[in-house]
Structures are given as structure tokens and as C-alpha cells.
Amino acid sequence: MSPKIKMKQVVVAELEQAKTRKFLWDFGGQRFMNHRIAQYPMDLPMWERFLNSISDIKSIVELVTANCGMALFLALQAYQRGMEFRTFDWEEGENLDTPLSKLLCLRDKFILGDLWGDSLDILTNLLMNEFPHPILLFCDDGVTGKEDEFRDFVTLLQVGDYVAVHDWPYNISEGDIGFFGDALERLWWEQWEVVGSITWFMRVVKPLDDYRNILVNG
Ligand SMILES: C[S@@+](CC[C@H](N)C(=O)[O-])C[C@H]1O[C@@H](n2cnc3c(N)ncnc32)[C@H](O)[C@@H]1O
């Protein structure tokens, strides 16, 4: 076979692979139990693995809901494991009243409002007073708000709580995590990366009160 034909075959094979990857990883095409979800396929088994391994979690809080795919996945996990669950968004996405959503009473667990506006007190109270610890906070705000969301709301957690953040390294990166010095312990990042997950899990290992004061008082 001539080197030119061989090269052409390699290029065609690579293009096919890229098309398959795009098909599999396209957010617009992802669904959980037929509800739209903005997660990569590999992220859900990694969540399952995480929740199976860290068995002391008592509450999960999702920021934010969108079309309820991930909210339903987390609500199911919480229901099965006897955990508290809430999900926040400033828009009521589709799917709050599907049969599965009704079964899990998702509407009662959904808080409508701006995270930095009318929902702020509710979120603060849940994380600091109401919900049993350890809490797992999932930061998955939109493209523009994730760094702020991460920096502001992680400070409401206490030692022993967990945080998961989506869209690494696109909407959140090393600098956002480095902001908290060594207060956040990274959990299994290398393993997550190998399987193509873009969700990272961390544990709070030092008090974050000073960071909260910086954010509140400037
Ligand atoms: C990336 S989607 C969430 C995806 C969802 N967690 C999932 O996995 O399917 C981003 C959502 O952020 C919401 N959002 C953006 N800024 C917000 C704010 N300040 N307060 C509440 N919700 C906000 C938008 O309404 C949108 O639904």
C-alpha cells in the first residue's frame, strides 16, 4: 500500500473517531431517564462510584437544575441512600412534573430564584444550619457564573463536607481551586481524568471561615 493511501486511511479513521466522540459527548444529546442532562456519559458512573465510596454523606445540594436530568439522578441517589436533597435554579426548566419527578417529589426539592438574590438566604441556611453534614455541594452553574459560584458558596461549607464541580477545565480551573490554598483535598483526580470525566470531587479539610469573611467584607 502506498504511503499516501495509508495516510488517507489514518485520516478517515481519525475523523470517524472524532464523529463518534462528538456524538457521545454532545451535551445537547445527553439524557437521563429521557430528561435532558448536561453531563458527559462517563460522569454518571463516576458519581455512583463516589457515592458508594464516601458513605457518610447525608445531604446533596445541586447548583443548578436546568432541565432536571442531573437533579433526578441525584434525587434518586439521595432517596435510595436516605439523604436530604435540594436543587436550585432561577428558571423553571422542563421536566419538573414528569412521572419520575412526581414520584421523587422533585418540585418540593426545587428552589426557584437567583443564587445571589432571593435564594441566597435559603441556600446559606441549608448549608450552614438546616441540612445534616457531611454535605456534598455540586457546583454546576452556567458558563459565566461557575467561578463565582464555586468561590462564594464553597465558603459556606464546613470541614468534612464535599464539593463537586463540573466543566473542568473549561469553566473552572486550577486558579479557582488554588484560591482556597490547601483547604480542599482533591479526591481521585487522576482516575477521573483517565476515563474522561470533567467533574472533580474535593473534601473540605480546613475551616473556610476566613475566606467567607474576605468574600463578605472584601
Ligand atoms: C449548566 S446548566 C445546569 C445543568 C444541570 N446541572 C444538568 O446537569 O443538567 C446552567 C443553569 O444555570 C442557571 N443559572 C445561571 N445563573 C443562575 C443564578 N444566578 N441563579 C440561579 N440559577 C442560575 C440557568 O438557568 C441554567 O439552567
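Among contacts in the protein between residues at least 6 apart in sequence, 69% link residues at least 24 apart; two residues are in contact if their C-beta atoms, placed from the backbone, lie within 7 Å. The structure is a predicted model, in which local features need pLDDT of at least 70 and side-chain atom pairs count only at pLDDT 80 or more, whereas totals for chains, interfaces and linings use all residues. Residues are numbered from 1 along each chain as its sequence is written.

**Overall architecture**

- The secondary structure comprises 10 helices and 9 strands, which are DSSP runs numbered from the N terminus (helices: H or I, at least four residues; strands: E, at least two).
- Along the principal axes, the C-alpha atoms fill a box of roughly 70 × 45 × 30 Å.
- The domain assignment gives domain 1 (1-28) and domain 2 (33-217), with bounds taken from an automatic or database domain assignment.
- A distance of 36 Å separates the C-alpha centres of domain 1 and domain 2.

**Burial and the nonpolar core**

- Of the 218 residues of the protein, 37% count as buried; a residue is buried if 20 or more other C-beta atoms, placed from the backbone, lie within 10 Å of its own, exposed if 12 or fewer, and partly exposed in between.
- The largest nonpolar core has 52 residues, and Leu-137 and Val-163 have the most contacts inside it; such a core is a set of buried Ala, Val, Leu, Ile, Met, Phe, Trp, Tyr and Cys residues joined through C-beta atoms within 7 Å.
- Helix H3 gives the most to this core, with 7 residues.
- Not counting residues up to four places away in sequence, Val-163 touches Leu-137, Cys-139, Val-154, Leu-157 and Met-202.

**Phe-73 in helix H3**

- Phe-73 is found in helix H3 and counts as buried because 20 other C-beta atoms lie within 10 Å.
- Beyond residues up to four places away in sequence, Phe-73 touches Phe-32 and Leu-44.
- Phe-73 and Phe-32 are 41 residues apart in sequence, and their C-alpha atoms are 7.2 Å apart in space.

**Ligand surroundings**

- Of the 20 residues around the ligand, Ala-38, Ala-66, Met-70, Trp-90 and Leu-115 come nearest; a residue is near a molecule if its C-beta atom, placed from the backbone, lies within 6 Å of it.
- Helix H3 (69-81) and strand E4 (84-89) are the elements that give two or more residues to this shell.
- The shell divides into 9 nonpolar, 6 polar and 5 charged residues, where Ala, Val, Leu, Ile, Met, Phe, Trp, Tyr, Cys and Pro count as nonpolar, Asp, Glu, Lys and Arg as charged, and the others, Gly among them, as polar.
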